Amino acid sequence: MKWLATSVFIIFASNSLPTGQSNGLARTFLGTLNESQKSKALLNFDDDSRTTWMYVPGNRAGITLKEMSETQRKAARELLKSCLSEAGFKKVESIRADLEDVLRQMERNPGRDPEQYFFAFFGEPSPKGKWGWRFEGHHVSLSFTYLDGRLVATSPQFLGSNPARVLEGPHKDLRVLGKEEDIGRQLVISLSLEQKRSATIGKTAPADIVTANQRDAAILEDSGLEFSKLSNQQTEALKEIVRL
């Protein structure tokens, strides 16, 4: 069976984003762990794994949902909720719980595991100093970095949907990133020939994400279609994708 995958890779940061309850919830979660679990979940801020991220299946730094009790999972979910909108949390959970289950059945692969998602902390959560945490697994990578009680960076962020549309089974017609895909496709279709020439950065489609999971930005030159060259309708479409 053939299917499409949809991905959204977002990099952005702010010097003054509110932390909400994240600091306290992070401490609460870590407080539920035993010493063995905490030694896996809590690393130094400068640990090399903090800047090593992936969007494919595999082992990561941190502790998995599979290793947690239900009480610990609840505390972990509360932390995740505090850093996402309601819609964002639903997308992350659907990618993890629904789509991994779909892939397990499609591929007959027991390795597709909705509980093989990792929480990792870099430095002790504190209102002073620097620390961060990450939630990551197949097609989900969310990173949050704090300095003196403020959230200062939320990059990289990655969400992927595979399949883009579920064709059969209990989750038939599920499209976790369907709105993003539809508006993005409409935006591309709306481009004039001149706009398309500027927007197209390669003659053939890449095998995967253009920049993959590199630590540093791989596209340093100015390429693509400038925001100022979009029509009002195209501008609104692009803004809606960012809002989503």
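The model is predicted, so local features need pLDDT of at least 70 and side-chain atom pairs count only at pLDDT 80 or more, whereas totals for chains, interfaces and linings use all residues. Residues are numbered from 1 along each chain as its sequence is written, and side-chain values use heavy atoms, with hydrogens and water left out.

Rings of Phe, Tyr and Trp (its six-membered ring) count as a pair if their centres lie within 6.5 Å, with planes under 30 degrees apart called stacked, over 60 edge-to-face and the rest tilted. By this rule there are 11 aromatic pairs.

Select Trp53 and Phe158, a tilted pair with 6.3 Å centre to centre and 45° between the planes. Trp53 lies in the loop between β3 (42–43) and β4 (63–64) and Phe158 in strand β9 (residues 157–161), so this pair ties together parts 105 residues apart in sequence; strands are DSSP runs of E with at least two residues, helices runs of H or I with at least four, numbered from the N terminus. Trp53 is buried at 5% relative accessibility, and Phe158 is buried at 0%, where buried means under 20% relative accessible area (1.4 Å probe, protein chains only).

Next, select Tyr117 and Phe135, which are stacked at 5.9 Å centre to centre with 25° between the planes. Tyr117 lies in the loop between α4 (86–107) and β5 (118–122), and Phe135 in strand β6 (residues 130–137), so the pair ties together parts 18 residues apart in sequence. Tyr117 is buried, with a relative accessible area of 1%, and Phe135 is buried with 1%.

Finally, select Arg50, which lies over the face of Phe45 at 4.0 Å from the ring centre; a charge sits over a ring if NZ of Lys or CZ of Arg is within 6 Å of the ring centre and within 35 degrees of the ring normal.

Definitions and conventions. Buried < 20%, exposed > 50% of the residue type's maximum accessible area, 1.4 Å probe, protein only.
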